[in-house]
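Open the model in your viewer and keep the selection tool at hand. Each stop below gives a selection and then what is found there.

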Amino acid sequence: MTNSKLKSKSQGNGVESPDGGWGWVLVVAMFVSTSLVFGLMRSLGVFFVEFVQYFEENAQAISWISSIGLAAQQFFSPLGAALCNAYNTRPVVMTGGFLSGLGLILASQATCLVHLYLTMGVISGLGWGLVFTPMVATVMANFTHRRALAVGLGFSSIGLSSFAFNPLFQLLVETYAWRGALLILGGLSLNIMACGALIRPECRSKGPAKLDSQSRLPCSVMLQRVFSYLEVSLLCERPYLTYTLGVTLFNFGYFVPYFHLVAHSRHVGFSEYGAAFIMSAAGVTDIFGRIVSGWFSDLGHFRVIHLLILWTVLAGVFIMLLPVSSLMGSYSALMVISLLYGFCSGALTSMVFAVVPMIMGVERMMGGLGLLQLIESCGGLLGTPLSGWLRDNTGNYVASFMVAGSFVLLGSLTMTTLPHFFSCTDPPPPKRPVLIDNSDALRLELAQKNCCSSEMNHQAVEQTKR
Amino acid sequence: MSQLSFLSLVFRFSIVNEENLGNYTCVFGNVAELVFILAAPQIGEIRDKPIVSYVGDFVVLTCKMEENKPTPNSWNWFKYNGTEKEQISVAAEPHRYLISSEGWKTKLKVKNVSEADSGLYYCGAVYAISTSLSHVELKVITILEPLKPFLSILVEVVILVAAILIYERSHSKRKEAEADGPNADPMNTQ
């Protein structure tokens with residue numbers, strides 16, 4: 001009897017999440033949905049040539065489509081997180097999948113560029129925002145010991161799908177022109193709904209809204225609830241702010257090689273084919289980096305935060321070495337540094353997400369991730385134009401890469417100011433502050449008991465069977 | 001007029017009209033042979049895949065001369081109607097065609113295409129001496145073409161979602177049935 005009580009208690013607290021089982025099914029769902037969000041976004045370049053010819057606009061106007069899409073995805077991330085906190089994750093992700101498919105389907109009927117901005121940019125971007133953060137947070141909530149590996153496996157889909165989608169999209173455009181290709185892509189994006197259906201609804205300690213739907217609440221209480229869904233309280237905590245600042249600094253420098261490496265290689269004198277090959281090779285090591293770093297960090301020899309600093313320092317150093325190696329004129333040196341950079345950048349991506357529950361606790365992870373996505377987007381939006389401006393003013397890419405690398409190193413330095421950084425073991429994750437009054441707390445417990453009682457009974461039955 | 005010396009043969013002539021263009025071969029006994037191809041600048045890149053468009057939509061066909069070659073004086077567009085190349089005249093059908101040419105590039109915009117507009121189109125770069133031709137194929141399809149794979153993907157998504165939800169419901173019902181079976185009143189045993 002005591003065994004079953006202990007187990008049901010730990011289920012209620014949500015501190016220990018079960019590893020494996022349904023969690024791996026969710027990893028597959030995350031793999032598919034992430035590839036349909038970011039893999040798709042990265043392969044839209046195939047359409048741009050067609051749009052330039054059809055709409056007779058210049059490349060910059062066309063490139064706004066993907067910029068708006070990415071910005072919308074990041075901007076609506078907190079909204080997606082808040083909706084998952086208020087309602088269950090499953091309907092949010094399924095709605096996101098539906099919206100992203102709808103945006104692409106409507107885009108196939110566009111007659112002017114503004115239509116594309118609104119459909120492919122805003123509607124699909126909103127859908128992607130409702131999908132990505134909830135999916136990542138759900139996978140992380142379902143794992144404890146294998147968290148980094150699960151996240152790394154899920155993110156490896158981005159690199160793999162960019163490989164597969166580029167030739168596929170090219171084939172679709174050649175067979176059906178861009179209208180038919182967008183229509184079919186919209187259909188493919190609807191598969192995210194199937195991924196969302198795999199998320200099982202769970203009872204979580206955010207019940208008040210479900211109970212009090214009949215009674216009218218005063219404005220201040222509603223506002224308080226909305227803030228709690230958005231996890232705005234996190235913005236007042238120093239560890240979270242430090243971490244967000246560090247990740248934003250990473251984003252300043254992280255994207256620069258992806259945008260400018262090809263141009264830099266051509267500038268130094270390597271052929272078009274050679275430059276593109278370097279990018280593909282870096283993409284392959286990126287995939288390996290994500291999986292290997294996730295597996296390695298789960299072995300538990302080092303703290304996740306220390307591994308994160310290791311990969312980011314290495315990535316910053318390699319970014320700075322990129323122009324140095326190419327200035328020496330050696331293609332093999334540039335290739336080696338690019339491969340190493342690809343590995344480190346993939347490795348740090350897994351770690352960035354795996355550290356999040358340590359900073360804010362598993363319960364607040366959803367909202368925290370949403371806010372993190374929104375704030376770090378500033379780094380991404382400002383970093384690449386800055387490096388472009390540096391290149392225009394200095395004539396080559398050396399300054400841009402140096403500045404990008406130094407931003408990444410600065411981000412690592414910021415991370416070292418996190419509390420308990422220099423200790424050898426992980427500190428306990430912080431609990432969320434109690435914002436609700438006593439009557440609500442009582443109703444909360446009752447709701448949890450009713451909702452979870454059937455689960456507890458099953459657990460009890462299984463315990464007694466053993 | 002040719003001039004023969006011990007080491008070289010020079011053939012000097014004026015290019016008057018198109019008939020002077022062609023292949024010229026210089027032969028030295030049966031030891032060496034050199035072929036000169038005299039022609040107007042040719043359009044290098046020819047797109048081998050057809051351009052696809054939809055019924056009722058407009059389509060833009062482009063032709064480009066490499067910029068290291070001389071600029072054409074003008075451009076012409078022709079449609080192949082099975083037997084011959086028929087020149088497309090914008091003045092005759094201004095609501096259907098629009099030709100915009102600028103230096104090395106030319107664009108033919110065909111508005112409101114129908115399936116009869118499918119086929120080969122030729123663009124001609126007009127030089128003083130002759131015209132160089134290149135071709136591009138237009139294929140007009142209806143919306144039904146991509147609709148077929150789209151609907152099959154739609155059906156697949158609906159089936160997947162339904163299967164997942166039905167499996168989950170039957171799984172939880174089975175668990176409830178197991179729980180109610182052996183332990184009729186689980187609350188009391190605790």
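**Before selecting anything**

This is a predicted model, in which local features need pLDDT of at least 70 and side-chain atom pairs count only at pLDDT 80 or more, while totals for chains, interfaces and linings use all residues. Residues are numbered from 1 along each chain as its sequence is written, chains are lettered from A and ligands numbered from 1 in the order in which they are written, and side-chain values use heavy atoms, with hydrogens and water left out.

**Stop 1: chain A as a whole**

Of the 466 residues in chain A, 52% are buried, where buried means under 20% relative accessible area, exposed over 50% and partly exposed in between (1.4 Å probe, protein chains only). Among contacts in chain A with a separation of 6 or more, 87% are between residues 24 or more positions apart; contact means heavy atoms within 4.5 Å.

**Stop 2**

Select A:T34, in helix α2 (residues 22-42) of chain A. A:T34 is buried, at a relative accessible area of 2%. Leaving aside residues up to four places away in sequence, A:T34 touches A:G39, A:F132, A:G154, A:F155, A:S157 and A:I158.

Now select A:N191, in helix α9 (residues 191-197) of chain A. Buried or exposed? A:N191 is buried, with a relative accessible area of 11%. With residues up to four places away in sequence not counted, A:N191 touches A:L36 as well as B:I153, B:E156, B:V157 and B:L160.

**Stop 3**

Select residues 238-254 of chain A, which form helix α12. The helix has 17 residues and reaches 24 Å from its first C-alpha to its last, close to the 24 Å expected at 1.5 Å a residue; the expected span is 1.5 Å times one less than the number of residues. α12(A) is mostly covered, with 13 of its 17 residues buried.

**Stop 4: positive phi in chain A**

Select A:E56, in the loop between α3 and α4 of chain A. A:E56 is not a glycine, yet has a positive phi of about 55°. At 42% relative accessibility, A:E56 is partly exposed.

Next take A:A177, in helix α8 of chain A. A:A177 is another residue other than glycine with a positive phi, near 60°. A:A177 counts as buried, at 8% relative accessibility.

**Stop 5: the largest cavity**

Across the whole structure, a search finds 6 cavities of 30 Å³ or more. On a 1 Å grid over the protein atoms alone, a cavity is a set of points where a 1.4 Å probe fits but cannot get out, and a pocket is an open set with protein on both sides within 12 Å along at least five of seven lines; lining residues have an atom within 4 Å of a point. Grid points are joined across faces, edges and corners, and a volume is the space filled by probe spheres set on the points.

To find the largest cavity, select A:E50, A:W178, B:I51, B:V52 and B:V59, which lie nearest its centre among 18 lining residues. The largest cavity holds about 240 Å³ of space. Which helix gives the most to the lining of the largest cavity? It is α8(A), with 5 residues. The lining divides into 11 nonpolar, 2 polar and 5 charged residues; Ala, Val, Leu, Ile, Met, Phe, Trp, Tyr, Cys and Pro count as nonpolar, Asp, Glu, Lys and Arg as charged, and the others, Gly among them, as polar.

**Stop 6: the second largest pocket**

Select A:R42, A:L70, A:F255, A:Y258 and A:F259, which lie nearest the centre of the second largest pocket, lined by 50 residues. The volume of the second largest pocket is about 2,300 Å³. Helix α4 (residues 59-75) of chain A gives the most to this lining, with 10 residues. The lining residues of the second largest pocket are 26 nonpolar, 20 polar and 4 charged.

**Stop 7: strands of chain B**

Select β7 (residues 74-80) and β11 (residues 119-126) of chain B, which pair in the antiparallel sense over 6 bridges; two strands pair if DSSP finds at least two bridges between them. B:W75 stands opposite B:A125 in β11(B).

B:K79 has B:E86 in β8(B) as its bridge partner. The hairpin of β7(B) and β8(B) has 4 residues between the strands, and B:G82 takes a positive phi near 100° there.

Conventions:
Helices (H or I, at least four residues) and strands (E, at least two) are DSSP runs, numbered from the N terminus.
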